[in-house]
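Me: Can we go through the charge pairs in this one? Start with the cut-off, please.

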Amino acid sequence: MGTTDGPAAGKAPDGLGPVLEARGISKRFPGVLALDRVSLALRPGEVHALVGENGAGKSTLIKVFTGVHRPDEGELRYRGEPASFATPLDAQRSGISTIYQEVNLVPMMSVARNLMLGREPRNRFGVIDAARMNAEAERVLAGYGVETDVRRPLRTLGIGAQQMVALARAVSIDAKVVIMDEPTSSLEPREVATLFGVIRRLREQDIAVIYVSHRLEELYQVCDRVTVLRDGRLAHTGDIHELERIQLISLMLGRDVGEVRSGGLTRFSRDRGRAVTAEPVVEARGLKRRHVLQDVSVSVRPGEVVGLGGLLGAGRSETAKAIIGALPLDSGQVIVAGSPLRRRTTAGAIKAGISLLPEDRKAEGIIPTLSVRENIALAALPALARAGVVSDARIDQVVDTFMKRLRIKASSPHQKVSELSGGNQQKVLLARWLAMQPKVLILDEPTRGIDVGAKAEVQALIDELAEAGLGVLLISSDLEELVEGSDRILVLRDGAVVGELSGDEVTEERIMASIAEHSSTNPEEADAHG
Amino acid sequence: MTTDTTVIAPESGNGAARKERISHLIQQHGALMVLFALIVVGTFGFDSFATPENAASVVVASSFTAIIAIGMTFVIISGGIDLSVGSLFVLGGVLAAWGSQYGAVVALLLPLLACGAVGLAQGLLIARTGMAPFIVTLAGLLGVRGLMLAISDEGATTYLVRDRTFAALGQGEILGLTYPVYITIVLALLGMLLLQRTGFGQNVYAIGGNEQAAALMGVPVARTKVYVYLMSGLLAGLAGALNAARLSSGVTILGIGLELDVIAAVVIGGTLLTGGAGGLTGTIAGVLLLGVIQSLINQVGNLTSSFQQVVSGAFLALVVIAQRLLSKAQRL
């Protein structure tokens, strides 16, 4: 059953060669080599997992496949011939469809109109035949397990159903390749089962699927082969079932199983293992949010650096945002220095003494058009003011102190922040939050995208701050940084804490092991629910 | 393959679905309901309200706004705005009156050509350079008004309509209603067909609803936008020409601020100012509603007609608040 819908005429694959192939693709962005001679061959009818951590090059590679980026080097081949897609639309017309994490449809239009947009059935006057369109849409969607009134606006459906509509649309425009970017991130288990059913059907119709996900058990459940990218390079490609979970994780994180270098690359020098007995300065209890966090509890004591480990999408940044009050929660409590935050707002959390250095400093942190001085003083202004008026001398003093203490390299306090290097921008942000005299500092990827020297300085600073009695919550994808910087590490997976490591247990192997350990759900068992 | 038949139930239950359908209905037809209510109130409240003469005068006066509002509905559904229509309306009138010395054909084509060109230029700027519609059409508003003042010697010269055939286009009557009313009806019906039952109309909705998604779904975004502003310009010019024919002259002072009345009518008619939803039935109801409010205030003898703007303004505010609440209700 189930073969009546989908591509109009299930064409035979063109021989046995790959349907889509990247040969030695390189892509350079200013200052970064996002892809370094990456090759990937996608066979008709296979489900190919594409995995890697942040900055590994997955999304760049997908954008090369879908015509968003053009490669600087290398060749893209599609159905056996060299190909070059000018726009995403161009790629789509050739048969490469992409299902994005965020559903890319028009929420206010009806389900049927979304599904049929651009190829609506016409009557003999050339006018859209609404009745036929709706009937057709209903028929197609039934094949994807979606049974609903197709005249309703799309936004009234659940996210899972919306994603099925997107998928149905992608496949029904005669796709040869379907790229799915984190398709299950907002699906219920039942919807995931339906999605997997559809994926298997695509496989039977010789449609190739590129499947991007961080959920390991899903990969083992539905994928045939896997390609691992790391730092823009191909780390591994092969049959997924020949690879143990722990091997896959170590490939993604770039760490050899059982053999971890203890080189002096990081600049952390603080005496670890000092018994920290004080009361927690911040304590988060039972943070819960559907699909995102499942009962996460964290506590940080003064002078302690607590690391949050886990793969991308495990809920690390979300935990940070929840603590600072920037992520609405279903339930949970944040306690600062013994007293619970009553109203969960960012302003309240900052006032109570929590500061967050966000992951994406461009979008969430610095204001590039303002000067170093203004950027530093911004958050602290209310605290510096007397009767609502802030004296310039006072600001100068604060700014000067932090520029010296953090060794910010700028021509003057009046230089625009956008003209500074990434590392110095990061320090400006750090100065902004330190000027607030916080009790707890949450650092989300504090050294990402900054050069080696600045990285070491930021790491040394984290040490200094902890010694001065600040509680630090450190999030980093750099395992080495995490292990050498933290006193204690909580390992997250799929929005839940799956392990806590302290003292001698704080090692890279232990982190990887606890990620792997808990992702060993039996695929067959999960399958049976479908 | 029998495992993939799981039904994904819609998120909302039956009660919620009904609530959503009702709020959708109010959003779409709220203006029509209020229009009926006001007509009933007027009929029982004032003897001189429900007369054929009064009804005809409301409908005739509304027809010019309605023609412009048809174009504006497309623009707003596509997520844009066109502030230049008031100026184009005046320019169209002046050009038609001036052109009428060369015959009816010139009198009709000249304003269409000129206003269409302005609309096309605005559309190209908006679609190809990504400039904000508000700014581009504000520039259009100012520029066209200046142009109109220049050709009419700062408004001192009023061109009279010289051609009888052309004047008849604005003044001729069938069953007590002037031709522009019938032209409006035909245009509105064509507009509905275009909006609801053609690919172009679907593209307009898709662009206003989610432009990025529309582009990825293969909608020719730039071309559709150009057409939308071209259409708006053409309709504003046509309305101006018909108005000149009705008045037998190209009056230069009418039409200042008309764009705001038109936008108000479209929004009152249930089209979302943020784009993506709305329709022409509502727009026509919105235009008539503003006309009826004016007529009712005229019936209340001791109120000046300026009071009409106060009421329209208050009504617009109410509609926007209601829309906000309704779209919240629809989001469930």
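Reply: A salt bridge here is a side-chain nitrogen of Lys or Arg within 4 Å of a carboxyl oxygen of Asp or Glu. This is a predicted model: local features need pLDDT of at least 70, and side-chain atom pairs count only at pLDDT 80 or more, while totals for chains, interfaces and linings use all residues. Residues are numbered from 1 along each chain, chains are lettered from A, and side-chain values use heavy atoms, without hydrogens or water.

Me: How many salt bridges over all chains?

Reply: The search of the whole structure gives 25.

Me: What does A:E75 pair with?

Reply: A:R23, with the closest N and O atoms 3.8 Å apart. A:E75 lies in strand 4 of chain A and A:R23 in strand 1, so the pair ties together parts 52 residues apart in sequence. Helices (H or I, at least four residues) and strands (E, at least two) are DSSP runs, numbered from the N terminus.

Me: Is A:R373 buried or exposed?

Reply: Buried, at 13% relative accessibility. Buried means under 20% relative accessible area, exposed over 50%, partly exposed in between (1.4 Å probe, protein chains only). A:R373 meets A:D396 in a salt bridge at 2.8 Å, N to O. A:D396 is partly exposed, at 39%.
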